Amino acid sequence: MLNASRPRRRNRNARLLRTGAAPALVLALAALTGCGSDYPLGEEQRRAAEEGGSDLSGILTGVGSSAQNAAMLTWRSGFESMHPDAQVQYLSAGSGAGRSALVGGGTDFAGSDAYLDEEEQAEVRDFCGPGGALNIPVYISPISVAFNLPGVQELDLDAETIAGIFRHEITRWDDPAIAAQNPDVELPDLPITPIARADDSGTTENFTDYLHSVVPEVWTDEEDGSWPAELPTERSQGNAGVVSLTAETEGAVTYADDSLVDDSLGKARVKVGSEYVAVSGEAAGTAVGEASRVEGTGPHDIALELDREPDASGAYPVVLVSYHIYCSSYADPEVLELAKAFGHYVVSEEGQQASSEAVKSAPLPENLTAEAQAALDSISLR
């Protein structure tokens, strides 16, 4: 058993129920902190525990972003190999669910592709104390505009065309707006099937923020984690869900974290200024280098305002910065120690390089790494 009898865990789930969280999420959280192997990485981790080398122990629980789930598997593996008696358990339930779980006191930290807004910051103080929570960037990744067109692996598309496609105003792949940007591509006379996220998603919020920022006259909706209800778009749950449905549907197009898009789908090169930029971790990192801090946040909060029309050459602007959101203070000293240790590993050069190699993300720029380390150091016991 993984400390299933700890009262702190039961109290958390009760608090989450009182906040109105979905019963399925509560059950999943209970299962996450329930029974399982003491050494989920196997024999190597068991031997490391017996040989000693780390005094860190206990369970740290996170809920949230599906975009960073693949990176999370890598971080967990590296961290738990270093600290064999410590475990990090993460439920990939979507960014909105992660923020709601933290606000409701149902998790130790949240993973989210969108930072806590002012209302959420006010609400999270009930659980995290008067200092609220800290948004700490940990994962930089481009959002692919991915499509299923047999024989076509790459298309050049500008923001106006992408917005028109997802607003159902451009409905066939051989539309003149697409053909004009791809004169050398034989486009099929095939209907376009846009596919969006069914859940509240930071990926959706970043994608719609890009569209509204660059072509507000076409994408008239403000950015939002929920897809516009008035659009008759097919939906699926999570990044993996939209990618899978697109792969099954000839003529489909979606937006998803690039780490989950394989060679079975084509990808758009996005127009920035006068050039079309291919999706890559390096190009995403270039775009984030142009970001500024959100005004009005605390001294150790690193919520970022992204520039969706960056001047830097080779910057890919359809990008998400995914955060780990930690309380600024914890009542449980074990959770405090685990949160700070895991957070430091994730933003370290080793942790960032591991996720970059595993899932094509961009390592944090040096200035953000230093700020993230300082933010983690500031987390205290209350």
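Mentor: Let us begin with a definition: a contact means heavy atoms within 4.5 Å. Among contacts in this protein between residues at least 6 apart in sequence, 75% join residues at least 24 apart. The model is a predicted one, in which local features need pLDDT of at least 70 and side-chain atom pairs count only at pLDDT 80 or more, while totals for chains, interfaces and linings use all residues. Residues are numbered from 1 along each chain as its sequence is written, and side-chain values use heavy atoms, with hydrogens and water left out.

Trainee: How many helices and strands are there in the protein?

Mentor: The protein has 14 helices and 15 strands. Both are DSSP runs numbered from the N terminus, helices being H or I with at least four residues and strands being E with at least two.

Trainee: What makes Cys-128 and Cys-327 a disulfide?

Mentor: A disulfide is a pair of cysteine sulfur atoms within 2.5 Å. The sulfur atoms of Cys-128 and Cys-327 are 2.0 Å apart, and the pair therefore meets the cut-off. The structure holds 1 disulfide. Cys-128 lies in helix 6 (residues 118-128) and Cys-327 in strand 13 (residues 319-327), 199 residues apart, and the pair links distant parts of the chain. The angle about the S-S bond is -55°, and the link of Cys-128 and Cys-327 is left-handed.

Trainee: Are Cys-128 and Cys-327 buried or exposed?

Mentor: Both Cys-128 and Cys-327 are buried. Buried means under 20% relative accessible area, exposed means over 50%, and partly exposed lies in between (1.4 Å probe, protein chains only). Of the 382 residues of the protein, 57% count as buried.

Trainee: Why is Lys-360 called partly exposed?

Mentor: The relative accessibility of Lys-360 is 39%, which lies between 20% and 50%, so Lys-360 counts as partly exposed. Lys-360 is placed in the loop between helix 13 (349-359) and helix 14 (366-378), and has a positive phi of about 70° although it is not a glycine. Most residues other than glycine have a negative phi.

Trainee: How do you know that strand 9 is largely enclosed by the rest of the structure?

Mentor: Strand 9 (residues 266-272) has 5 of its 7 residues buried, so the rest of the structure largely encloses this strand.

Trainee: What makes strand 9 and strand 5 a pair?

Mentor: Two strands pair if DSSP finds at least two bridges between them. Strand 5 (residues 154-157) and strand 9 share 4 bridges in the parallel sense, and therefore they pair. Within strand 9, Lys-267 stands opposite Glu-154. Strand 4 (residues 133-147) runs antiparallel to strand 9 and is joined to it by 2 bridges; Gly-266 is the bridge partner of Phe-147. Strand 10 (residues 275-277) is antiparallel to strand 9 over 3 bridges, and these two strands form a hairpin with 2 residues between them.

Trainee: Why is the span of helix 12 called close to the expected one?

Mentor: The expected span is 1.5 Å times one less than the number of residues. Helix 12 (residues 333-347) has 15 residues, for which 21 Å is expected, and reaches 21 Å from its first C-alpha to its last; the description therefore holds. Among the buried residues of helix 12 are Val-335, Leu-338, Phe-342 and Tyr-345.
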